[in-house]
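Welcome to a short tour of a protein model. Have the chain and its fold in view as you read, and look up each residue when it is named.

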Amino acid sequence: MQYTYDISVVVPLFNEEESLPELVRWIRRVMHAHQFSYEVILVDDGSTDRSWDVINALGEEDKAVKGISFNRNYGKSAALNEGFRRCEGEVVITMDADLQDSPEEIPALYDMIKHQKYDLVSGWKKKRFDPLSKTIPTKFFNGATRRLSGIKLHDFNCGLKAYRQLLVKSIEVHGEMHRYIPVIAKWNGFTRIGEKVVQHQERKYGTTKFGLERFVYGFLDLLSITFVSRFKKRPMHFFGSLGTLMFVMGLGITIWLIVQKLFGLYSDGRVRDIVDQPLFFLALVAVVLGVQLFLAGFLAEMISMASSKRNEYLIRDKVGSIKK
């Protein structure tokens, strides 16, 4: 397959007017030194400073620089998604605009995708310059993500990553899901996921744009990704299994209570009414929940079957003359 560029560098940004000229010059220097053909896509996520004016000036100065401007702030995931839609490089590099990610890492990341055949390589900022209020929650969520996804990465949220182009063209990123792109990639069949220790620079300009609420939203997005990725094509497997288990459990308790009463009647005649026992109401709730979950699975399965995308599957390659 022919690509327009060797590398596309996608940079989401919000109020980074001071760092952009230095970042673009640094990227240009690295690309020219290694003779890469490249493009830099700067995605302005609704900045309120002069970032877009700076991007315009950089684009006039260097044709490799391209820009996208959002009308308002939509978030990093939206910015990455738009950059992915428009990039044309064989290898796609993402990095933050605050100069904490070093462009000097790009050649090694490119080599891991191009020659070592990784689908995705995530940076690992082993030595960080962030405050404890940021590093401690990050460690917690990295640990939770490793356990839920089975992907052995130390730093899921590192902005410096490299991707095969087929991967970025096959996924959608929204909400706070940018930190879980490796998880989305895995569930789409891209299992060659690697990691590289990268240098973390101290912030030179401005302040961080993220608060603690991102960890709450990020954890909820992780649960969403895990559920949807596993059961999107077969919701009955989840709801039906859980509903059947609840129904059988409730039915089993009810039968046991009836047998217990019959045994008491035939032995000494002293028994409690079934409806006087709290266990009966727990069994009743289990049966009702079981039926509802089963119906939810059935309806979800019918909706899935009616979807126009029910049989859309990612095809990596083709050989011979095969009709599209």
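## A buried tryptophan

W26 is buried, with a relative accessible area of 13%; buried means under 20%, exposed over 50% and partly exposed in between, using a 1.4 Å probe and protein chains only. This tryptophan has its place in helix α1. Helices (H or I, at least four residues) and strands (E, at least two) are DSSP runs, numbered from the N terminus.

Which residues does W26 contact, leaving aside neighbours within four places in sequence? They are L99, S102, P103, E104 and Q201, where contact means heavy atoms within 4.5 Å. W26 and L99 are 73 residues apart along the chain, and their C-alpha atoms are separated by 9.5 Å.

## How to read the model

This is a predicted model, in which local features need pLDDT of at least 70 and side-chain atom pairs count only at pLDDT 80 or more, while totals for chains, interfaces and linings use all residues. Residues are numbered from 1 along each chain as its sequence is written, and side-chain values use heavy atoms, with hydrogens and water left out.

## Nonpolar cores

A nonpolar core is a set of buried Ala, Val, Leu, Ile, Met, Phe, Trp, Tyr and Cys residues joined through side-chain atoms within 4.5 Å. The largest one here has 36 residues, and I7, V9, L42 and I93 touch the most other members. At least two residues of this core come from each of β1 (5–13), α1, β2, α2 (51–61), β4 (89–94) and α4. The largest share, 7 residues, is supplied by α1.

Take a look around L42: not counting residues up to four places away in sequence, its contacts include V11, L13, L20, V24 and I55. Apart from this core lies another, of 28 residues, with A79, V168, V173 and V183 among them.

## Aromatic rings

How many aromatic pairs does the structure hold? There are 4 aromatic pairs. Rings of Phe, Tyr and Trp (its six-membered ring) pair if their centres lie within 6.5 Å; planes under 30 degrees apart count as stacked, over 60 as edge-to-face and the rest as tilted. In one of them, the ring centres of F36 and Y110 are 4.8 Å apart and the planes are at 55 degrees, so this pair is tilted. F36 sits in the loop between α1 (20–33) and β2 (38–44), and Y110 in helix α4 (residues 106–114), 74 residues apart. F36 is buried at 15% relative accessible area, and Y110 is buried at 8%.

Another pair joins F84 and Y163: with centres 5.4 Å apart and planes at 70 degrees, it is edge-to-face. F84 belongs to helix α3 (residues 76–86) and Y163 to strand β6 (residues 161–164), so the pair ties together parts 79 residues apart in sequence. F84 has a relative accessible area of 1% and is buried; Y163 is also buried, at 1%.

Charges meet rings here too. The charged end of R192 sits over the ring of Y118, 4.6 Å from its centre; this needs NZ of Lys or CZ of Arg within 6 Å of the ring centre and within 35 degrees of the ring normal. K186 lies over the face of W187, 5.5 Å from the ring centre.

## Helix α9

Helix α9 (residues 235–267) has 33 residues and should span 48 Å at 1.5 Å a residue, which agrees with the 48 Å between its end C-alpha atoms. The expected span is 1.5 Å times one less than the number of residues. Among the buried residues of α9 are M236, M246 and L257.
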